[in-house]
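Student: I have a model open and would like to learn how to read its features. Can we go through them in turn?

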Amino acid sequence: MDFQQQPNYNNYSYQVPPTRRNMAMEAAALVLGIISIASGCCLYSALICGALAAILALLSRGGEKTMSRRAMIGFWLGISGIIITIVLYVFTYFAAIEMYGSLENVLRAYCDMYGLDYESLYGDMPLLQ
């Protein structure tokens with residue numbers, strides 16, 4: 001046998017298995033992560049988009065052990081959007097309590113600002129008494 005010739009195994013050629021990663025989910029995770037960061041002041045949209053970005057990034061692996069770079073960026077953008085939103089709203093809550101003294105005083109100031117009658121709106125609520 002000549003060492004320059006490649007052996008012929010019944011014309012069998014090796015085929016590369018197709019990738020199991022889902023590129024559409026990677027792109028969706030990236031876009032939702034960006035939306036989550038951009039809409040950090042909108043509580044519900046930022047939390048929903050951030051959670052969906054993290055879930056889609058994890059699902060985009062398709063059984064592989066690692067995530068692609070695009071999925072990893074989408075995952076971390078989604079997680080950071082959630083964290084930024086939670087920190088922003090906790091800070092806002094404590095700043096309002098610090099400024100007005102209690103949640104009831106915050107509601108009274110809100111009613112006074114818009115010309116509403118506090119007693120008719122919240123007077124008989126058992127949580128605020």
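Student: Where is Ser-68 found?

Tutor: This is a predicted model. In it, Ser-68 is found in the loop between α2 and α3.

Student: Is Ser-68 buried or exposed?

Tutor: A residue counts as buried under 20% relative accessible area. Ser-68 has 18%, so it is buried.

Student: Which residues is Ser-68 in contact with, leaving aside its neighbours within four places in sequence?

Tutor: Those are Arg-21 and Glu-26.

Student: Let us step back to the whole chain. How many helices and strands are there?

Tutor: The protein chain has five helices and zero strands. Read from the N terminus, the order of elements is α-α-α-α-α.

Student: What share of the residues is buried?

Tutor: Of the 129 residues in the protein chain, 22% are buried.

Student: And how do I read the contacts along the sequence? What share joins residues at least 24 apart?

Tutor: Take the contacts between residues at least 6 apart in sequence; 61% of them join residues at least 24 apart.

Student: Which residues make up the largest nonpolar core?

Tutor: A nonpolar core is built from buried residues joined through side-chain atoms. Here the largest one has ten residues: Ala-29, Leu-32, Cys-49, Ala-53, Ala-54, Leu-56, Ala-57, Met-67, Ala-71 and Phe-75. At least two residues of this core come from each of α1 (23-38), α2 (43-59) and α3 (69-100).

Student: Which helix gives the most to this core?

Tutor: That is α2, with five residues.

Student: Take Phe-75 as a case. What does Phe-75 touch?

Tutor: Not counting residues up to four places away in sequence, Phe-75 touches Ala-54, Ala-57, Leu-58 and Met-67.

Student: Which residues make the nonpolar surface patch?

Tutor: Ile-86, Val-90, Tyr-93, Phe-94 and Leu-103 form a nonpolar patch of about 480 Å². Helix α3 provides the largest share of the patch, four residues.

Student: Phe-94 is in that patch. Why does Phe-94 count as exposed?

Tutor: The cut-off for exposed is over 50% relative accessible area. Phe-94, which lies in helix α3, counts as exposed because its relative accessibility is 52%.

How values were computed: Residues numbered from 1 in each chain as written. Predicted model: local features only at pLDDT ≥ 70, side-chain atom pairs only at ≥ 80, totals over all residues. Heavy atoms only, no water. Core = buried A, V, L, I, M, F, W, Y, C linked by side-chain atoms within 4.5 Å. Buried < 20%, exposed > 50% of the residue type's maximum accessible area, 1.4 Å probe, protein only. Contact = heavy atoms within 4.5 Å. Patch = residues over 30% accessible without salt bridge, like charges linked within 9 Å, V, L, I, M, F, W, Y side chains within 5 Å. Areas by Shrake-Rupley, 256 points an atom, 1.4 Å probe, with all protein chains shown as cover. Salt bridge = Lys/Arg side-chain N within 4 Å of Asp/Glu carboxyl O.
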